[in-house]
Structures are given as C-alpha cells and as structure tokens.
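Colleague: I would like to learn how to read strands and sheets in a model. Could we go through one together?

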Amino acid sequence: MAYIHLDGVSKQYGSVWAVDRVNMAIEKHEFVSLLGPSGSGKTTLLRIIAGLERPTTGRVLIDGEDVTELPPHKRGVAMVFQEFLLFPHRTVYENLAFPLRMLKLPKSEIEARVEWVVGILALRGLEKRYPNQLSGGQQQRVALGRGLVGRPKVLLLDEPLANLDRELRQEMEVEIRKHQTDLGIPFIYVTHNQEEALSMSDRIAVVRGGRIEDFASRTDIYDRPKTAFIAQFVGRSNRFIGTAATAGDTISLSGEGVRIETATRPGIADGERVAAYVKNEKVRLRPASAGGAGAANTLAATVRYVILRGAYAEYVLGWSGGELVASRPRSEAEFTEGAEVVAFWDAADVDLFPVPEDSR
Amino acid sequence: MRIKIKPGKFALLATVALSYLFLYLPVVHIGLASFARNSNFPYPPKWSLDIMARLFSNSLYQTALGNSLIIGIFAALLSTALAGLATIGLMRHAGRRAPLYLALFIAPLFVAEVLLGISSLIFNGLFLGLQGNMVSAILANTVHCFSYALLIIATQLYRYDWRLDDAAMVFGASPARTFFEVTLPLIWPGLLGAFIVTFIMAFNNLEISFYLLGATPTLPSAAWGALRYGVKPELYALATCVNLIVFVLLAVMFVLMRTGLVTFGHRPERERSAV
C-alpha cells in the first residue's frame with residue numbers, strides 16, 4: 001500500500017469545486033509535483049493533505065492512518081510556504097527549533113537537530129538573526145530547514161521558489177532534490193512552473209480545474225502527454241489545427257497549408273477536428289535549397305527572429321499558416337534572420353488530440 | 001551670521017506653537033496651581049505641597065480613586081479581551097458579512113454616554129438583577145470601551161498575517177499553543193494599546209459611572225460633586241493627579257513604540273514581498 005493515499009478527495013467552496021474527486025497514491029521516497037496553472041486547485045489539495053482545509057468528501061491516509069479528521073498539528077507533516085512565513089518574532093535558531101519543541105524533544109536533542117539542519121542548509125552564523133535580517137534566499141533556506149528538522153512523514157512545499165530570482169531558484173532546485181533523496185521522505189511540491197516540476201520530480205500530477213489530468217513519471221508527462229492540455233502546458237509546443245483523415249495505420253491532418261502525418265490514435269474519428277502538437281525542440285530545420293518542402297510533416301518557412309538562449313537558439317519562423325518556433329542546440333548549423341528554410345519533424349514526435357472545446 | 005526664517009515657515013511654526021499652547025496651557029496652569037500656595041493665581045508660583053496633602057488626607061478622594069482604578073482596570077481588561085476575540089472573529093470567520101458585524105460592534109460609539117448610563121442602569125437592574133453598583137458600572141463602561149478597543153486592535157490585527165497561524169499548526173502547535181507562541185507575541189502591542197486607552201476612558205468616565213453608582217464616588221463624580229461648593233484647590237490637585245496618571249500611561253506607550261519593542265509586531269512591509 002502506498003504511503004500517502006488520497007481517496008476521492010473533493011473540496012467545495014460555495015458552488016465551486018476547487019478540488020474534484022482526486023485519487024492519488026504516493027510512495028515513500030517519492031518526489032511528486034502538483035503542476036497546474038493558478039486557480040487549478042493544487043494549493044487547496046496540498047492544504048487538505050496538511051489538514052489546513054477539510055475536504056468536503058473523501059479521505060486522506062498517511063502511513064496507513066486515516067488522518068482526514070485530524071487537525072494539522074497531529075498529522076506529523078511539515079510545510080514550506082511560498083511566503084516563507086517564518087515567525088518574525090523568533091530568531092533563526094528559534095524558528096528551526098519550533099517544530100522540535102512542539103514534539104517535546106529534550107533540549108540536547110533539539111540542539112543536535114538544529115545543528116544538523118544548520119549544517120546541511122549552510123545557515124551557520126545566522127542562528128541569532130531575525131527573519132527580517134535575512135535575504136530572500138536565506139529565508140527560503142530557513143523555511144526549508146524548519147520543514148526538514150522535525151523529520152516529518154511528508155514535506156509539503158507550496159511554490160517555495162516562486163519569490164526567488166531565477167539563478168537562486170535553480171540552485172535551490174538541486175538542493176531540495178538532494179535533501180529529499182538523502183532523507184528518503186516524500187515531498188509533495190506544488191508549482192505552476194513546469195521547469196521546477198520537471199527538474200525535481202519523480203512523478204508529476206498535472207492539475208486542472210480541480211482534477212488530476214494525468215499522474216505519471218516526468219518523462220511520460222513531457223514526452224507522451226495524455227491530453228491536449230498537458231501537451232500545451234508542459235514544454236513549449238507548436239500547434240496545428242485541421243481535419244483528421246485515417247488511411248491504414250496512419251492518420252493525417254490537413255489544413256492551413258500543411259499536412260501532418262502520424263500513427264493512428266484510438267479515439268479520433270475520421271473528419272474530426274484535431275490539434276497536433278510538435279514540441280519546439282522536435283522541429284528541425286534545413287536550408288530551403290535542400291528541397292522537399294511539399295512532403296508530409298514539412299513546411300517552407302522564413303526565419304523571422306533568432307533568439308539566443310545560451311546553449312540553444314530559438315528560431316521564430318513565419319510560414320503561410322502563421323508562426324512556428326524551432327529550438328535547436330547552438331552546435332548545429334545556424335540560420336540568419338531572413339533565411340529561407342524547410343522545417344520538418346518526425347511522425348513519432350507529433351501528439352494528436354481532438355480539439356478541446358475551450359480553445360476552438 | 002543671522003538665521004533667516006522665511007515668513008511662510010515662520011507662520012507655520014507660530015501656528016504649531018499656538019496650537020500646543022491652546023491644548024496644554026490649561027493643564028499646565030492647573031499643574032502649577034496645585035503645587036503653589038497662591039493657587040488662585042500662581043504667577044510666579046510659591047511652591048508648596050499643602051494642596052496635595054489636603055487632597056490625600058481627604059478620604060472621599062481616596063475612596064473615589066480606588067473606585068475609579070477598579071472600574072478602569074476591569075472595564076479595560078474586559079473590553080480588550082472581548083474586542084480581541086471579536087476582531088479575530090471578524091477577520092477569520094465573518095466572511096462577506098464582516099462589514100455588517102463591524103458596524104454593529106462600533107455603533108455604541110455613537111450613543112450618548114448619558115443614555116448608555118441610563119439604559120444600562122435600567123437593563124442591568126431589571127434583567128441581570130444588578131443594582132447600581134461597581135459590577136454594573138464596570139459592565140456599562142465595557143460596552144462603551146469595547147468599540148474603541150475594537151478599532152485599536154483591528155488596526156494592529158489588520159497587518160497580522162494569519163497564515164503564520166497555519167505555519168505554527170502545521171509544525172505541531174495546537175490552536176491554544178499557536179495563540180500563545182505566535183499570535184499573542186505579535187499582536188500584544190495592539191492589545192496593550194487598547195488596554196491603556198480603554199483604561200483611561202473608563203477611569204475618567206463621568207456619565208456612565210455616575211448613573212450606575214449613584215452615591216458611590218469615582219474621581220470624576222467626586223470632582224463634579226465638589227463643584228457645588230465652589231472650585232476648591234483640592235480639585236486642582238485632583239486634576240493634576242489624574243493628568244499625571246494619563247501622561248504616564250501615554251509615555252509608556254510612546255516609549256514602547258520608540259524603543260522598537262512594539263515593532264516586534266508583524267510588519268509585512270519588512271518581509272520579503274509576499275504575493
């Protein structure tokens with residue numbers, strides 16, 4: 001049996017279901033991200049696990065125990081908040097010792113544990129400071145330390161890096177993942193940032209409209225999106241819309257001057273409006289002089305802008321149907337703005353879904 | 001080198017000086033008079049403690065002081081505690097109806113104190129079985145002080161981030177523990193401020209206390225009663241003592257604010273920007 005179970009969990013606010021019949025099983029040792037746009041209900045779900053919200057229906061089980069009726073302080077969980085929420089009237093040391101004092105540990109044990117957390121989070125020398133005397137990154141480390149120091153059954157993280165700048169964020173991503181692996185306790189990490197989710201998680205649950213759209217390994221979520229929403233939300237993709245036509249074991253989409261072919265998908269009927277997604281990095285380029293622009297999965301285009309991203313470059317292409325983005329490593333041949341190119345991709349890199357009603 | 005003051009600035013300074021004189025000259029005058037032998041016109045004062053001694057040897061005023069202190073302390077404690085709870089309720093649990101509840105909590109501010117005194121006397125007597133006595137007077141003053149306390153506490157709690165309570169609970173603190181370990185240490189300046197202000201209000205109150213106490217003297221009612229026999233020098237001394245108490249309390253608040261003790265209250269603007 002999984003370590004953490006959400007069993008038909010729903011939360012209703014007024015007439016809105018913020019969380020809608022969520023079932024999840026999370027193993028010990030697992031790093032799970034709840035990834036979704038703001039307002040998707042991911043934070044509410046986290047607060048239900050913490051006990052800060054009561055689910056309208058359903059049960060929460062942690063380590064085999066039904067904790068649905070337990071208040072937060074009896075659940076043995078810990079949380080890292082987006083706003084840090086360090087106790088402003090307490091020093092760093094006192095903030096870190098707080099969960100341990102609540103556990104009524106002996107003083108020597110408290111000192112040893114705080115010492116341990118101060119060590120692993122590089123907080124030495126800051127113990128006597130107050131939170132408002134710390135930088136954002138330091139506050140974040142203290143918040144993380146306060147979450148880890150009590151060795152909770154599960155650590156819940158609510159967009160903990162959202163208030164940090166990009167560089168610090170990437171540093172902390174590595175650090176958070178490292179501590180999770182070292183401690184071997186499950187982390188449940190809420191974020192709207194796909195890069196954070198992809199960089200740290202074992203599995204990602206994509207949350208949308210209070211429901212789990214898909215809960216799978218991060219590679220599955222990225223490489224094999226289960227729904228159009230995931231294809232659009234995770235990674236950067238180009239979208240083509242057209243009408244489906246099946247022929248044998250291939251299905252093609254025609255429209256807007258491009259023909260896309262890929263292996264058939266179950267559940268897509270002939271003549272249906274479909275959307276095809278091709279990730280930016282799957283779009284390859286060759287000079288127009290190399291020819292072959294008329295075939296399936298190719299289109300003729302002009303380079304409009306080249307955006308340098310350091311290790312790779314993004315080519316914004318204009319074609320008869322609109323714009324297309326191809327990102328490719330800098331090591332590959334470069335094209336200049338204005339160059340005529342042929343963009344092409346493998347049939348296997350096409351994700352095909354019926355056009356969702358809300359984006360028609 | 002001559003210091004030149006521009007006319008505009010001079011006019012401003014003069015206005016400020018006049019305003020302070022207007023506010024404080026009567027108080028200073030009474031203060032001088034109560035320590036002077038020539039108390040009717042103490043300029044220049046001939047220092048003496050006679051009047052003070054007369055005040056303190058008068059048992060009426062001693063009883064009155066005791067009663068005023070009791071009313072002040074208990075009315076302040078009660079109204080601060082109730083207003084604190086009411087504010088927490090308003091901010092955490094009232095939801096969209098909060099403005100309505102707030103308006104009802106504050107309405108007693110606009111009731112004339114005399115009316116409050118009379119209606120409290122009648123109500124407390126009829127329904128609570130409380131004759132006009134100290135308990136009854138404390139309750140009636142609490143009604144009046146509650147609204148002020150609520151406003152003072154609300155300004156402090158408005159800046160309090162209730163998610164700190166969430167954090168405390170997640171890290172294992174029971175609701176009571178959360179209150180004493182996190183909430184109270186961060187909001188006590190507001191509570192203390194409310195306590196001091198309501199204490200002064202109840203301590204100085206004439207109308208409400210008078211109706212509920214009748215012959216039992218408080219400092220204001222004793223002073224008022226003494227008027228019938230002309231303005232005696234003891235009244236100067238009394239006024240000075242009362243003013244001293246008030247100023248000491250205000251000084252306490254001021255020092256607390258200046259020394260930064262009070263800034264221990266949660267000030268979100270000093271935290272990292274939280275969205």
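Colleague: Which residue in β4(A) does A:Ile4 stand opposite?

Modeller: This is a predicted model. In β4(A), the residue opposite A:Ile4 is A:Ile62. A:Ile4 belongs to strand β1 (residues 4-13) of chain A, and A:Ile62 to strand β4 (residues 57-62). The two strands pair in the antiparallel sense over five bridges.

Colleague: In which order do the strands of that open sheet stand?

Modeller: To read a sheet, go from strand to neighbouring strand across it. Here the order is β2-β1-β4-β5 in chain A, four strands with antiparallel pairing.

Colleague: Why is one side of β2 and of β5 left without a neighbour in the sheet?

Modeller: β2 (16-26) and β5 (65-66) of chain A stand at the edges and have a single partner strand each, so one side of each has no neighbour there.

Colleague: Which strands does helix α1 of chain A lie across?

Modeller: Helix α1 (residues 42-50) lies across β1, β2 and β4 of chain A. Its direction makes an angle of about 60° with β2(A).

Colleague: How many strands form the open sheet that includes β15 of chain A?

Modeller: Five, in the order β15-β19-β16-β17-β18, with antiparallel pairing.

Colleague: What is the bridge partner of A:Arg286 in β19(A)?

Modeller: A:Val342 is the partner. β15(A) and strand β19 (residues 340-344) pair over four bridges, in the antiparallel sense.

Definitions and conventions
Residues are numbered from 1 along each chain as its sequence is written. Chains are lettered from A and ligands numbered from 1 in the order in which they are written. This is a predicted model: local features need pLDDT of at least 70, side-chain atom pairs count only at pLDDT 80 or more; totals for chains, interfaces and linings use all residues. Two strands pair if DSSP finds at least two bridges between them. Two residues are in contact if their C-beta atoms, placed from the backbone, lie within 7 Å. Axes are lines fitted to C-alpha atoms, for helices over the stretch in contact, and angles run from 0 to 180 degrees between N-to-C directions.
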